[in-house]
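Hello,

Here is the structure I promised to pass on. Please open it first, then read my notes below.

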Amino acid sequence: MSMNDNANTNTIDESLYSRQLYVLGHDAMQNMSKSNILICGMDGLGVEIAKNIILSGVKSVTIMDDASFNLQDFSSNFYLSNEDLILENNKSSKAKAVRSKLAELNMYVDVNIFDGQSMGSSEIEKYDLAILSNHGLPGQIVFNNLCRNSKTKFISARTMGLVGQIFCDFGNTFVVNDTDGEQPLTSIVINIDEQGNLIVSDTTPHGLTNSDQIELVEVVSNVDI
């Protein structure tokens with residue numbers, strides 16, 4: 001069921017998303033505005049993920065968690081209130097407890113609750129990305145297989161005290177060339193021998209390892225053509 005009456009028209013509100021447009025560009029924002037996201041698990045981590053994704057301006061976010069909350073949830077789930085604590089005996093689900101507050105974050109994003117009896121391939125293929133929050137390994141494997149069969153991108157995230165874990169599966173055709181997110185290393189190449197080996201300046205260690213991808217720029221040949 002839809003929690004937001006404002007339909008997403010894929011028109012970018014430049015006043016609202018000005019900072020994101022500057023960083024990501026219009027093409028990336030247009031793609032995001034067409035994305036349907038499923039988030040399973042409305043604990044503290046799941047709510048934080050949902051909040052950030054809704055603020056980013058996707059088309060829709062569907063939350064899934066029919067478990068009732070308890071006192072422990074109040075230590076990390078910032079959308080639970082004293083009113084929810086009073087109504088705890090009603091055994092309201094975590095998804096229903098946080099739905100309205102998530103929907104208020106961005107009028108351009110449809111916020112829904114998954115109301116199906118079970119999650120199968122026909123359901124998961126409706127989403128561009130499925131995110132699991134704090135699920136055990138068996139649940140991660142089952143959900144990941146569903147996503148692979150439906151060609152839906154998959155992310156699993158967990159927090160364990162001061163330790164965190166994330167696993168991403170974006171399909172066989174997705175290639176990551178940036179291994180650490182740091183700025184690319186640069187070095188001065190002084191020669192390329194007949195075997196194709198690069199010889200760099202001794203004063204600027206390249207810091208590269210096997211299988212790293214390199215790009216050559218400003219190449220000057222000393223061979224007359």
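**What I found**

In this predicted model, N36 stands opposite S60 in β2. Strand β1 covers residues 36–40 and strand β2 covers residues 60–64. The two run parallel, and five bridges join them. In general, strands of a sheet pair through backbone hydrogen bonds, either parallel or antiparallel.

Two helices pack on the sheet. Helix α3 (residues 44–56) touches β1, β2, β3, β4 (129–133) and β5 (153–160). Its direction makes about 165° with that of β1. Helix α7 (residues 137–150) touches β1, β4, β5 and β6. The direction of α7 makes about 165° with that of β5.

Now the sheet itself. It is open, has six strands and shows mixed pairing. The order is β3-β2-β1-β4-β5-β6. Which strands stand at the edges? They are β3 (110–113) and β6 (163–169). Each has a single partner strand, so one side of each is left without a neighbour in the sheet. On average, neighbouring strands are turned by 15° against each other, direction ignored.

Next, the whole chain. It has seven helices and eight strands. Of its 225 residues, 34% count as buried. Its accessible surface comes to about 15,100 Å², and 51% of that belongs to carbon and sulfur atoms.

Last, the surface. L185, V189, I192, L198, L208, I214, L216 and V219 make a nonpolar patch of about 680 Å². V219 lies in the segment after β8 (198–200). Is V219 buried or exposed? It counts as exposed, because its relative accessibility is 60% and the cut-off is over 50%.

Best wishes

Note on methods: Residues numbered from 1 in each chain as written. Predicted model: local features only at pLDDT ≥ 70, side-chain atom pairs only at ≥ 80, totals over all residues. Heavy atoms only, no water. Patch = residues over 30% accessible without salt bridge, like charges linked within 9 Å, V, L, I, M, F, W, Y side chains within 5 Å. Areas by Shrake-Rupley, 256 points an atom, 1.4 Å probe, with all protein chains shown as cover. Salt bridge = Lys/Arg side-chain N within 4 Å of Asp/Glu carboxyl O. Helix = DSSP H or I, 4+ residues; strand = E, 2+ residues; numbered from the N terminus. Buried < 20%, exposed > 50% of the residue type's maximum accessible area, 1.4 Å probe, protein only. Pairing = 2+ DSSP bridges. Axes fitted to C-alpha atoms, helices over the stretch in contact; angles between N-to-C directions. Contact = heavy atoms within 4.5 Å.
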